[in-house]
Amino acid sequence: GRRDELLNFPWHHDIILHEAGVPPIHTPMETLISLSDEIKKRVYVVHVALDKIPENSGLQPAITGVENTIVLEDAEVPQHSGALEILELVGSIELFSDLTIKRAGEILDFAHIETFNAGDTVIEKGQVGTCFYAILSGVAEVRVCRSRSSTFEVQLTSSYLLDKDRIQPVSPRVRARSVEEYRESDLELSEQYTVKTFLAGDYFGEQSLISDNNIRSADILAVTDLRVAVFDRSDFLWLLDGTNILQKMSHMARMRAEGTWNIIQENSVLRQLSGPQKTQLETYFEKLDFEDGDIIWEEGAPAECAILVDTGRVAFKTKPKNIFCRGNIGVHIQVDPTTAFTSGKEVLQPEMFERGSFIGDIDAILANRRNDVAVTAIGSVSVLCLYREELLNFFSNNPGVLLSMLHTRYIL
């Protein structure tokens with residue numbers, strides 16, 4: 001196993017990042033020092049303090065920080081790098097996870113790469129949509145116009161514009177100098193504001209695949225130099241034939257029409273997810289409506305879902321036992337509260353949960369246990385439901401999110 005891997009280590013590579021430390025788990029520093037000078041000049045040692053690398057040993061540390069980026073000059077581009085880049089992009093999009101390697105040739109035949117300079121318009125409002133776009137590199141923004149005669153209340157926090165119930169990243173053209181200086185006249189000068197930001201791995205234009213003569217409802221501009229893989233509607237429909245991907249996309253379009261992105265933004269933890277992670281959640285959500293007094297889930301029933309509150313309020317029918325509340329998060333008291341979170345102040349558990357609250361016994365869902373408390377609707381309520389199978393799939397693809405949500409009962 002490990003012995004054979006070390007004995008047959010590929011020392012011929014141009015850059016080698018190698019750990020060092022206390023054996024048998026780590027490679028002894030003496031082993032690396034004994035390498036030939038020709039190899040050592042290509043070795044960067046990781047997971048070790050600088051003072052642990054002997055002077056004149058010929059070894060060099062791999063220092064952290066963007067400013068210490070290692071640049072490989074004149075690197076040979078892999079023969080199929082362009083094809084691999086497109087396939088990796090499509091494979092990273094949850095909607096297309098059902099596409100098999102048999103379709104790889106068609107994907108490469110149908111996709112073509114387009115580039116845009118910073119400031120270029122990728123999609124123009126009012127155009128008929130005929131293409132689907134997936135971002136290979138760069139940043140794009142969705143921008144909409146606000147009528148010059150319109151009025152609305154705003155607050156400014158850092159680089160975010162709060163428009164009533166929405167939290168929206170603002171482009172530099174719209175960003176105000178201060179809350180006091182921000183007036184409608186500032187907005188009138190810009191006319192456009194940003195409602196969504198797309199990064200590498202994100203996609204847009206999916207409505208053109210779902211419906212004929214789809215009219216683009218907003219402008220999408222390149223914030224930085226942008227590279228996208230573009231699929232024409234007719235080609236992509238051929239590619240998706242025989243799959244349930246169009247049904248998934250139609251479902252996601254309905255969820256987006258319900259404002260799921262804005263609801264996610266209202267949760268203190270979910271808003272920190274990446275764009276692709278939020279999009280994945282949108283494909284999983286199911287909207288459910290309840291009337292006053294309805295039981296959203298029963299005590300003793302299998303823990304098979306978590307919910308994100310859209311409208312109205314929900315409450316635990318009886319107060320859950322062994323819950324420690326800190327900041328916006330409630331966890332099982334069996335978890336040491338001093339180590340479960342790095343910051344925050346202990347608070348009382350809320351009596352009711354409103355828009356943006358994420359409620360679910362994550363431990364019970366993971367272990368396939370039963371609910372130990374019921375959740376009820378207070379008045380008319382709409383929630384976004386995330387069923388167990390989809391939640392487990394989301395955690396499987398995003399283990400870091402799982403770690404941040406372990407032991408939680410609710411997140412505000």
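Ring pairs link Phe96, Phe132, Tyr203, Phe231 and Phe236 into a cluster; rings of Phe, Tyr and Trp (its six-membered ring) pair if their centres lie within 6.5 Å. This is a predicted model, in which local features need pLDDT of at least 70 and side-chain atom pairs count only at pLDDT 80 or more, while totals for chains, interfaces and linings use all residues. Residues are numbered from 1 along each chain as its sequence is written, and side-chain values use heavy atoms, with hydrogens and water left out.

The structure holds 13 aromatic pairs. Two of them are set out in the table, where planes under 30 degrees apart count as stacked, over 60 as edge-to-face and the rest as tilted.

| Pair | Centres | Planes | Class |
|---|---|---|---|
| Phe316 and Phe353 | 5.4 Å | 80° | edge-to-face |
| Phe394 and Phe395 | 6.3 Å | 50° | tilted |

Phe316 and Phe353 are both buried, as are Phe394 and Phe395; buried means under 20% relative accessible area, exposed over 50% and partly exposed in between (1.4 Å probe, protein chains only).

Helices (H or I, at least four residues) and strands (E, at least two) are DSSP runs, numbered from the N terminus. Strands pair if DSSP finds at least two bridges between them. Strand E8 (residues 140-145) pairs with strand E12 (residues 192-198) in the antiparallel sense over six bridges, and Ala140 has Phe198 in E12 as its bridge partner. E8 is also joined to strand E15 (residues 219-222) by four bridges, again antiparallel; here Val142 stands opposite Ile220.
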